[in-house]
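Thanks for coming, everyone. Please take a look at the screen before I start talking.

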Amino acid sequence: VWKHSNYIILVLILTVMSILLAIIGVISENTELNCLLAVFAGVVTFVSFFIFADPLVAKTNAFFLLCSTCYLSIEGATFYFFTDNDEQYPDGPHFSAAFYTTGIGLVASATSILGIYLYNRCFSHWKYRMIFLVNGVVWTIINLISCAVFLRWNRMVEFFVLGSQALQEMILQMAWIPGVVLMSHLCHQGMEATMYALMAGSQNLGSNISYFTGAYLLQLLEVQPSGSKEESRQFDNLWLVAVISSLAGLVPLVFLPWLIPDARPDEKLVKPSLPHDALDLVDATK
């Protein structure tokens, strides 16, 4: 383990950044400050991987960190949009909390199985870059189409939301599997658990950052529903927030050629160069 002490340092840095986000989420109600501190935590994590990790590990982690950070979370507003009653939002779809939190989730979880099947059937022999590119573009298109709900263009909201959530979950599943395969190829022998936890933890950190940045975006565009009476005006710009958060998911795709190896999931990304416990990573992004 001490041969890879640089990864132990990364564990400590990631732990500190995670604790920082947890603390500010509890004690601070300043959305702008929270957003700045969250971005700071992301930048520190991003730079630390390039300093202490192997180049290919750092690049791959940078891509997944960008992906999870750029999927801006606006659930704080969409929950009220879908579940507000007649007094709170007369033009809303008025979903029950049970349907919104459980029904939609069950449908989305079921379609994730279809995502696994489609990946194994159609995408398992594609190169990583093409898999992430196709999934990212399709995911963005589905999200942009879903923005029609916030403009109230579609009156069959239940079926529209169920369909879009099902498709989104399927796409995310098809992107998640090659991500796991790629991360498994990057693990040093004897450090598998530590490295996998580091990269997965970094993605989770990015997801937490997206909550803070999404909250700040909602505040900037004055979308601040709280479940109070007659709050219809709070949803006037929700469609714009949804469009911005959807387009933000395209940002990581710009860096695909530099961050993700030009290889397929069934190709090895490591080569033995030293006896037993030493492996050198092949930087296939060059």
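One caution first. This is a predicted model.

Let's begin with the overall picture. The chain has eleven helices and two strands. What is the order of these elements from the N terminus on? It runs α-α-α-α-α-α-α-α-α-α-α-β-β.

Now the dimensions. Along the principal axes, the C-alpha atoms fill a box of roughly 70 × 45 × 30 Å. How does the radius of gyration fit a compact globule? For 286 residues, such a globule would have a value near 19 Å. The chain has 21 Å, and that agrees.

Next, burial. Of the 286 residues, 45% count as buried. And then the contacts. Take those between residues at least 6 apart in sequence. Of these, 76% join residues at least 24 apart.

On to the helix pair. Two packed helices are described by the angle between their axes and the distance between the axes. Our pair is H2, residues 31-52, and H8, residues 192-220. Their axes come within 9 Å. The crossing angle is roughly 155 degrees. Are H2 and H8 roughly parallel or roughly antiparallel? Angles over 145 degrees count as roughly antiparallel. H2 and H8 are therefore roughly antiparallel to each other. Their crossing is left-handed.

Who makes the contact? From H2 there are Thr31, Glu32, Asn34, Cys35, Ala38, Val39, Ala41, Gly42, Thr45 and Phe49. From H8 there are Leu198, Ser202, Leu205, Ile209, Phe212, Thr213, Ala215, Tyr216 and Gln219. Sort the residues of this contact by type, and you get eleven nonpolar, seven polar and one charged.

Let's stay with one of those residues, Ser202. Ser202 sits in helix H8. Is Ser202 buried or exposed? Its relative accessible area is 0%, so Ser202 is buried. What does Ser202 touch, leaving out residues up to four places away in sequence? The list is Leu14, Thr45, Phe49, Asn61, Leu65 and Ser68.

Now some pairs of residues, with distances taken from C-alpha to C-alpha. Start with Ile8, in helix H1, residues 5-27. Ile8 has 26% relative accessibility, so it counts as partly exposed. Ile8 and Thr194 are 186 residues apart along the chain. Their C-alpha atoms are separated by 8.3 Å.

Second pair. His185 is in helix H7, residues 157-185. With 15% relative accessibility, His185 counts as buried. His185 and Val57 are 128 residues apart along the chain, and 9.8 Å separates their C-alpha atoms.

Third pair. Leu56 belongs to helix H3, residues 55-70. At 1% relative accessibility, Leu56 is buried. Leu56 and Glu222 are 166 residues apart in sequence. In space, C-alpha to C-alpha, they are 41 Å apart.

Fourth pair. Ser96 lies in the loop between H4 and H5. Ser96 counts as partly exposed, at 41% relative accessibility. Between Ser96 and Ser5 there are 91 residues in sequence and 51 Å in space, C-alpha to C-alpha.

Last topic: backbone angles. Most residues other than glycine have a negative phi. Here are two residues with a positive one.

His94 has a phi near 60 degrees, and it is not a glycine. Where is His94? In the loop between helix H4, residues 75-83, and helix H5, residues 97-123. Ser96 is in that loop too. His94 is partly exposed, with a relative accessible area of 31%.

The other one is Glu230. Its phi is about 50 degrees, positive, and again this is not a glycine. Glu230 is in the loop between H8 and helix H9, residues 238-248. Is Glu230 buried or exposed? At 72% relative accessible area, Glu230 is exposed.

To recap: a predicted model, with eleven helices and two strands, and a roughly antiparallel pair, H2 and H8. Over to you for questions.

Notes
Residues are numbered from 1 along each chain as its sequence is written. This is a predicted model: local features need pLDDT of at least 70, side-chain atom pairs count only at pLDDT 80 or more; totals for chains, interfaces and linings use all residues. Side-chain values use heavy atoms; hydrogens and water are left out. Axes are lines fitted to C-alpha atoms, for helices over the stretch in contact, and angles run from 0 to 180 degrees between N-to-C directions. Helices (H or I, at least four residues) and strands (E, at least two) are DSSP runs, numbered from the N terminus. Angles under 35 degrees count as roughly parallel, over 145 as roughly antiparallel, 65 to 115 as roughly perpendicular and the rest as oblique. A crossing is left-handed if the near helix is turned anticlockwise from the far one by less than a right angle, and right-handed if clockwise. Contact means heavy atoms within 4.5 Å. Ala, Val, Leu, Ile, Met, Phe, Trp, Tyr, Cys and Pro count as nonpolar, Asp, Glu, Lys and Arg as charged, and the others, Gly among them, as polar. The radius of gyration is taken over C-alpha atoms; the globule rule is 2.2 Å times the number of residues to the power 0.38. Buried means under 20% relative accessible area, exposed over 50%, partly exposed in between (1.4 Å probe, protein chains only).
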